[in-house]
Amino acid sequence: MKKSSAKKRQSGTSRSNFYILRLYIAGQTPNSVTAIANLKKLCEDKLQGKYRIEVVDLLEKPQLAKGDQIIAIPTLVRRLPPPVKKIIGNLSRTESVIVGLDLQPVR
Amino acid sequence: MPRAKPKSVRPSLAKTPTGIQGLDEVTGGGLPKGRVSLVCGNAGCGKSLLAMQFLVDGAVRYGEPGVCLNFEETEAKLTANVASLGFDLRELSKRRKLSIDYVLVDRNQISETGEYNLDGLFIRLAHAVKTIKAKRVVLDSVQALLAGVADSAILRSELQRLFRWLEDHKLTAIVTAEAGIHTLTRFGLEEYIADCVIALDHRVTEQISTRRLRIVKYRGTFHGTDEYPFLIDEEGISVVPITSLALAHKALTNRVSTGIPTLDEMMEGKGYFRGSSVLVTGTAGTGKSSMAANFTNAACARGELCLYFTFEESPSQILRNMRSVGLGLERWVKNRLLHFNAMRPTSTGLEGHLAAIHKLIAKLQPSIVVIDPITNLVSSTGTYDVKSMLVRLVDFLKVKQITSMFTNLTFAGDPQERTAAAVSSLMDTWIVLRDSKPNGRPRRELYVLKSRGMAHSREARELIVSKNGLELGIVLKDHTLGSTVEVPGAVAAAK
């Protein structure tokens with residue numbers, strides 16, 4: 001897995017990638033709701049369908065917080081393509097999201 | 001002091017015992033129950049260990065499961081680190097008595113894209129607490145968390161929320177933090193923690209390392225503000241609970257033999273008072289250790305447990321030397337009535353010695369303690385006042401009704417009391433030994449300089465040391481002792 005991901009990383013910028021983004025929330029709080037909305041909008045604008053959003057509610061599945069070392073809520077984790085990237089906050093600052101996740105817009 | 005309600009009526013703050021020897025004594029029962037306590041100190045001071053011991057003891061001794069949110073070490077590393085202290089974290093985790101969660105706080109700036117809070121941390125903590133029904137929590141150390149969260153406003157409010165959460169759930173918690181330069185902790189965490197703050201200190205002075213613990217704040221409890229020495233050894237942390245110097249110990253009336261029949265005779269035929277402190281001083285080679293050995297031998301023969309702290313000679317040296325004067329102490333060692341504890345005086349600071357002595361006495365509960373000699377302790381360097389250490393030690397021994405003997409080397413030509421000045425007022429009995437050469441014939445002299453509470457003989461006698469043991473010979477009319485010894489306040493002995 002490591003070797004192939006290294007290869008992917010090098011050539012990833014030119015190829016169109018499929019993004020798997022996992023958003024951790026803790027119940028339907030205003031911040032979390034905002035984050036979900038912001039995320040959906042961003043993906044529609046920039047990723048043109050080449051994405052999948054997973055929403056993990058830690059109130060329902062607390063044991064999942066440990067794996068990705070989640071402390072802040074909301075936290076958005078880019079799981080694919082590697083490398084894993086993590087950003088926190090309700091995703092209102094779009095530029096920060098793009099930079100933080102290293103999103104290469106799909107054109 | 002304002003008039004207070006009688007002790008029985010005053011409501012007391014509930015406390016959770018830590019299980020750490022000495023700490024529960026100095027805090028009057030442990031940490032405030034259901035509240036958050038702060039343990040802070042410089043690097044290497046032992047705060048993580050203290051917190052861990054609190055959890056392990058809680059689980060093992062008090063049946064209270066505990067959760068540790070560790071921001072610095074992974075579970076594997078932590079488990080390995082404390083294994084040498086006899087803490088088996090893996091076993092405790094398996095039995096659901098302990099839950100350790102390594103929380104990695106990304107030190108690289110994580111992009112903050114908008115508002116957030118630390119609910120993730122809360123959820124992890126709540127989950128762990130709920131899973132094992134924990135009663136104790138440790139957050140070690142909060143420094144890493146503080147470093148990782150950039151927004152200080154969010155950090156402050158979340159920390160307050162976290163401490164409130166712990167209290168709402170009635171968890172007794174310890175939070176560890178690094179010491180600051182001007183403030184108690186680097187972040188000023190002490191402002192958030194209202195109930196109990198303990199500061200640990202570890203410093204190296206003149207090549208000797210010293211560990212001290214201080215209760216900075218303990219709301220609702222009258223606590224000593226002293227620094228208490230503590231030590232860390234293969235069993236974990238133990239604190240020296242300096243006893244209150246109330247001089248309230250009971251004076252016993254029964255007696256113990258000195259081990260030398262003729263010396264007993266000089267002391268009303270009975271010997272020392274039980275629970276008293278005896279000082280034996282003399283120049284080199286005058287027989288101090290032999291006195292101690294005789295005393296010990298007699299005690300062991302009565303079936304009493306003796307603890308012999310030696311700071312100069314190894315136990316086997318002592319055993320060999322005593323054999324040459326007719327004393328076979330090996331049998332007492334073999335049937336465990338005599339325990340030797342040998343340490344170089346410079347091996348640790350005074351506090352370290354004090355702590356080790358306390359610990360061993362608490363463990364073995366002897367009726368006799370010998371410290372041979374205290375000379376090097378008295379002269380070893382350190383910022384802790386020698387006299388105050390000895391005061392505490394002697395007080396501790398008296399409270400435990402242990403009869404103690406201290407030997408001290410004096411130097412030829414020095415007035416006796418100069419070298420023993422720091423010490424003699426603490427001692428109930430003071431025996432002086434001296435070499436002299438009247439008419440060219442060398443001999444040893446013994447003199448009971450003082451012995452409180454009894455009509456002791458004021459005569460000097462010759463001390464005869466042979467392979468048959470120690471004996472007191474004839475009364476010396478021409479002794480050289482009484483005249484040169486100036487006991488403060490006392491009348492010089494008549495010749």
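Where in chain B does Glu459(B) lie? Select it and see: Glu459(B) is in the loop between strand E20 (443-451) and strand E21 (460-466) of chain B. Keep in mind as you go that this is a predicted model.

**Stop 1: around Glu459(B)**

**Stop 2: strand E20(B) and its partners**

Next, select residues 443-451 of chain B, which make up E20. Of the 9 residues of E20(B), 7 are buried, so the strand is largely enclosed by the rest of the structure. On one pairing, E20(B) runs antiparallel to E21(B) over 4 bridges; click Leu446(B) and you'll find Arg461(B) of E21(B) opposite. E20(B) also pairs with E19(B), again in the antiparallel sense, this time over 8 bridges. Then follow the hairpin of E19(B) and E20(B), with its 6 residues between the strands, and stop at Asn439(B), where phi is positive, near 55°.

**Stop 3: the whole sheet**

Zoom out and color the strands. How many strands form the open sheet in chain B? There are 9, in the order E16-E15-E17-E18-E14-E19-E20-E21-E22, with mixed pairing. At the edges are E16 (338-342) and E22 (469-476) of chain B, each pairing on one side only. Look down the sheet and you'll see a twist that averages 20° from one strand to the next.

For a parallel pair, select residues 277-282 (E14) and 429-436 (E19) of chain B, which are joined by 5 bridges. Within that pair, Thr281(B) has Val432(B) of E19(B) as its bridge partner.

Now show the helices. H9 (residues 288-301) of chain B packs on the sheet, touching several strands, among them E14, E19 and E21 of chain B. Its direction makes about 165° with that of E17(B). H12 (residues 350-364) of chain B packs on the sheet too, touching E15, E16 and E17 of chain B, and its direction makes about 160° with that of E15(B).

**Stop 4: across to chain A**

Turn chain A back on. It has 3 helices and 4 strands, which follow the pattern α-β-α-β-β-β-α along the sequence. Of its 107 residues, 32% count as buried.

For the interface, 21 residues of chain B are in contact with 28 residues of chain A. Which helix gives the most to the chain B side? Select residues 119-132 of chain B: that's H5, with 7 residues. By class, the chain B side has 9 nonpolar, 6 polar and 6 charged residues.

**Last stop: confidence**

Color by pLDDT. Chain B has a mean of 83, and 87% of its residues reach 70 or more. Select residues 483-495 of chain B, though, and pLDDT stays under 50. Where pLDDT is low, the predicted coordinates should not be read in detail. The model as a whole scores ipTM 0.83 and pTM 0.75.

How values were computed. Residues are numbered from 1 along each chain as its sequence is written. Chains are lettered from A and ligands numbered from 1 in the order in which they are written. This is a predicted model: local features need pLDDT of at least 70, side-chain atom pairs count only at pLDDT 80 or more; totals for chains, interfaces and linings use all residues. Helices (H or I, at least four residues) and strands (E, at least two) are DSSP runs, numbered from the N terminus. Two strands pair if DSSP finds at least two bridges between them. Axes are lines fitted to C-alpha atoms, for helices over the stretch in contact, and angles run from 0 to 180 degrees between N-to-C directions. Two residues are in contact if their C-beta atoms, placed from the backbone, lie within 7 Å. Ala, Val, Leu, Ile, Met, Phe, Trp, Tyr, Cys and Pro count as nonpolar, Asp, Glu, Lys and Arg as charged, and the others, Gly among them, as polar. A residue is buried if 20 or more other C-beta atoms lie within 10 Å of its own, exposed if 12 or fewer, and partly exposed in between; C-beta atoms are placed from the backbone. pLDDT is the predictor's confidence in each residue, from 0 to 100.
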